[in-house]
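Have the picture open while you read.

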Amino acid sequence: MRVIAWLVEGTWPACVDAVRTHAPESAEVVLLHVSGPDVPGVAHGAFAGLLGRGHPERDPGAALEELGGTSAADLLAAAAERLGRPCVREERAGRVEREVVAAAEGAGLLVLARDGERSRLGPHSLGPAARFAVDHAPCPVLLVWPEPAPGLATIPPPPRHP
């Protein structure tokens with residue numbers, strides 16, 4: 001069995017802990033981090049639009065790409081240490097939700113954390129990328145809360161009928 005743990009800054013410890021709890025010892029564990037093109041792309045565009053294209057060495061987009069790669073490597077190293085068992089570290093770049101679904105092809109389980117509004121239960125506790133992954137994953141999904149789940153009292157009352 002291959003288990004993919006999608007790791008995102010801020011919520012990754014919950015995913016690693018879920019893998020430690022729910023994945024069999026014999027499972028191949030893949031720690032996955034996906035970097036989206038958003039931040040470096042915005043920096044490239046802003047630089048070109050505001051400051052022109054005359055000095056490419058000053059373009060902050062390249063520096064942000066490098067920082068993102070270093071940050072991903074550090075996150076994967078910390079996650080592997082927390083996991084405490086052999087694993088594969090995988091870094092991808094592209095449209096985050098699509099890269100996660102592609103990485104889950106052939107897996108036995110995809111583990112991900114809620115990334116939206118986490119103060120109450122409901123559909124808004126998933127951000128767009130997580131919702132896409134849950135809806136399109138080609139394998140079973142284990143969705144975890146990054147902190148203790150809110151109480152049942154946070155469920156809105158049912159709509160009143162006229």
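By the rule used here, this predicted model has 9 salt bridges. Let's look at some of them. Arg82 pairs up with Asp17, and their closest N and O atoms are 2.8 Å apart. Arg82 sits in helix α3 (residues 60-83) and Asp17 in helix α1, so this contact ties together parts that are 65 residues apart in sequence.

Another salt bridge links Glu147 and Arg118, with the closest N and O atoms 3.0 Å apart. Here Glu147 belongs to the segment after β5, while Arg118 is in the loop between β4 and α5 (128-136), so the pair ties together parts 29 residues apart in sequence.

Then there's a local one: the side chains of Arg131 and Asp135 meet at 3.3 Å, N to O. These two are 4 residues apart in helix α5, which means about one helical turn separates them.

| Residue | Relative accessible area | Class |
|---|---|---|
| Arg82 | 36% | partly exposed |
| Asp17 | 27% | partly exposed |
| Glu147 | 30% | partly exposed |
| Arg118 | 30% | partly exposed |
| Arg131 | 34% | partly exposed |
| Asp135 | 47% | partly exposed |

Now for the sheet. In what order do the 5 strands of the open sheet line up? They go β3-β2-β1-β4-β5, and the pairing is parallel. β3 and β5 (141-144) stand at the edges with a single partner strand each, so one side of each has no neighbour in the sheet. On average, neighbouring strands are turned by 20° against each other, direction ignored.

Let's zoom in on strand β2 (residues 28-35). This strand is mostly covered, with 6 of its 8 residues buried. On one side, 5 bridges join β2 to the parallel strand β1 (residues 2-6), and Arg2 stands opposite Glu28. β2 is also joined by 6 bridges to β3 (residues 88-93), again running parallel, and there Val34 has Arg92 as its bridge partner.

As a handy background point, strands of a sheet pair through backbone hydrogen bonds, either parallel or antiparallel.

Conventions: Residues are numbered from 1 along each chain as its sequence is written. This is a predicted model: local features need pLDDT of at least 70, side-chain atom pairs count only at pLDDT 80 or more; totals for chains, interfaces and linings use all residues. Side-chain values use heavy atoms; hydrogens and water are left out. Buried means under 20% relative accessible area, exposed over 50%, partly exposed in between (1.4 Å probe, protein chains only). Two strands pair if DSSP finds at least two bridges between them. Axes are lines fitted to C-alpha atoms, for helices over the stretch in contact, and angles run from 0 to 180 degrees between N-to-C directions. A salt bridge is a side-chain nitrogen of Lys or Arg within 4 Å of a carboxyl oxygen of Asp or Glu.
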